[in-house]
Amino acid sequence: MKKEDKAIIIGKIEATLKEYSHFYLADTTSLDAEATSQLRRACFGQDIKLMVVKNKLLHKAMENLDTDYTPIYAALKGSTALLLSNTGNAPAKLIKEFSKKNDKVRYKAAYVEESFYGEDQLETLVAIKSKNELIAEVIAMLEAPMQGVISALESGANTIHGVLDTLEKK
């Protein structure tokens with residue numbers, strides 16, 4: 001491959017890494033064509049971008065970015081598939097579910113929420129809640145007291161109405 005072609009590819013990888021806030025590295029070497037198509041469809045369905053990259057080109061692209069990706073460099077061995085997403089736990093859940101059906105997909109490392117995770121931390125990544133899930137929980141917690149007040153007012157109105165009805169009948 002020519003040096004100019006490598007520079008273009010490195011530039012594309014850099015732009016893609018800047019576009020997404022989280023990425024995972026996985027080894028998909030042993031997948032056959034059908035399993036690879038299933039993985040690509042699953043990624044597309046969950047808004048995850050899947051790229052198969054050369055380790056040296058990915059390494060160079062990471063070196064050119066502002067973030068220090070040094071902890072990830074050790075995972076750049078063998079074949080590397082890059083799963084990019086703006087939802088932190090989506091690729092982890094996808095890798096876990098897909099590896100139940102096809103044990104040839106192996107999680108290698110990840111960069112999620114500005115932290116690095118090694119190959120033994122997939123379960124931790126699956127358990128991390130996404131930003132939208134956290135926002136939904138906060139909203140639910142904020143709504144709970146309001147629901148209680150509304151419920152108390154409604155039941156109080158019924159109680160007052162019942163007392164007035166009783167007094168009216170007497």
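Mentor: Let us start with strand 3, which is mostly covered, as six of its six residues are buried. Please keep in mind that the model is predicted.

Trainee: Which residues of strand 3 point one way, and which the other way?

Mentor: The general idea is that side chains in a regular strand alternate between the two faces of the sheet. Here, Thr80, Leu82 and Leu84 point one way, while Ala81, Leu83 and Ser85 point the other way. Both sets are buried.

Trainee: How should I read the pairing of strand 1 with strand 3, and over how many bridges does it run?

Mentor: Two things are to be read: the sense of the pairing and its bridges. Strand 1, residues 22–27, pairs with strand 3 in the antiparallel sense, over five bridges. To locate the pairing, take Leu25, whose bridge partner in strand 3 is Leu82. Strand 2, residues 49–53, is also joined to strand 3 by five bridges, and these two strands run antiparallel. There, Val52 has Ala81 of strand 3 as its bridge partner.

Trainee: Ser85 lies in strand 3. Is Ser85 buried or exposed?

Mentor: A residue counts as buried when its relative accessible area is under 20%. Ser85 has a relative accessibility of 2%, and therefore counts as buried. Its side chain reaches the backbone nitrogen of Thr87 at 3.0 Å. Leaving out residues up to four places away in sequence, Ser85 touches Tyr20, Ser21, His22, Asp47, Ile48, Ala90 and Pro91.

Trainee: Where is Gly88 found, and with which residues is it in contact?

Mentor: Gly88 is in the loop between strand 3 and helix 5. Gly88 is buried, at a relative accessible area of 4%. If its neighbours within four places in sequence are left aside, Gly88 is in contact with His22, Tyr24 and Val112. Notice the two ways of stating a separation: Gly88 and Tyr111 are 23 residues apart in sequence, and 8.8 Å apart in space from C-alpha to C-alpha.

Trainee: Let us turn to the rings. How many aromatic pairs does the structure hold?

Mentor: The structure holds six aromatic pairs. To read one, note the distance between the ring centres and the angle between the planes; an angle over 60 degrees counts as edge-to-face. The centres of Tyr69 and Tyr111 are 5.2 Å apart and their planes stand at 75°, so this pair is edge-to-face. Tyr69 is in the loop between helix 3 and helix 4, and Tyr111 is in strand 4, so the pair ties together parts that are 42 residues apart in sequence. Tyr69 is buried at 5% relative accessible area, and Tyr111 is buried at 9%.

Trainee: What kind of aromatic pair do Tyr111 and Phe116 form?

Mentor: Tyr111 and Phe116 form a tilted pair, with 5.1 Å from centre to centre and 45° between the planes. Phe116 is partly exposed, with a relative accessible area of 28%. Ring pairs link Phe23, Tyr69, Tyr111 and Phe116 into a cluster.

Trainee: Which residues of helix 3 are buried?

Mentor: They are Asn55, Leu57, Leu58, Ala61 and Met62. Viewed down the axis of helix 3, the buried residues fall within an arc of 165°, so they line one face of the helix. Those residues pack against helix 1, strand 1, strand 2, helix 4 and strand 3.

Trainee: How is a nonpolar core read, and which members of the largest one touch the most other members?

Mentor: The general idea is that nonpolar side chains tend to be buried together in soluble globular proteins. In this structure, the largest nonpolar core has 23 residues, and Tyr24, Leu83, Ile95, Tyr107 and Leu125 touch the most other members. Strand 1, helix 2, strand 3, helix 5, strand 4 and helix 6 each give two or more residues to this core. Helix 5 contributes the largest share, five residues. Apart from this core lies another, of 22 residues, among them Ile10, Tyr20, Leu57 and Ala61.

Trainee: Finally, how many helices and strands does the protein have?

Mentor: The protein has seven helices and five strands. From the N terminus, the order is α-β-α-β-α-α-β-α-β-β-α-α. Of its 170 residues, 35% count as buried.

How values were computed: Residues numbered from 1 in each chain as written. Predicted model: local features only at pLDDT ≥ 70, side-chain atom pairs only at ≥ 80, totals over all residues. Heavy atoms only, no water. Phe/Tyr/Trp six-rings, centres within 6.5 Å; stacked < 30°, edge-to-face > 60°. Helix = DSSP H or I, 4+ residues; strand = E, 2+ residues; numbered from the N terminus. Buried < 20%, exposed > 50% of the residue type's maximum accessible area, 1.4 Å probe, protein only. Polar contact = N/O pair within 3.5 Å; in protein donor to acceptor, adjacent residues only side chain to side chain. Contact = heavy atoms within 4.5 Å. Pairing = 2+ DSSP bridges. Arc of directions from axis to C-beta. Core = buried A, V, L, I, M, F, W, Y, C linked by side-chain atoms within 4.5 Å.
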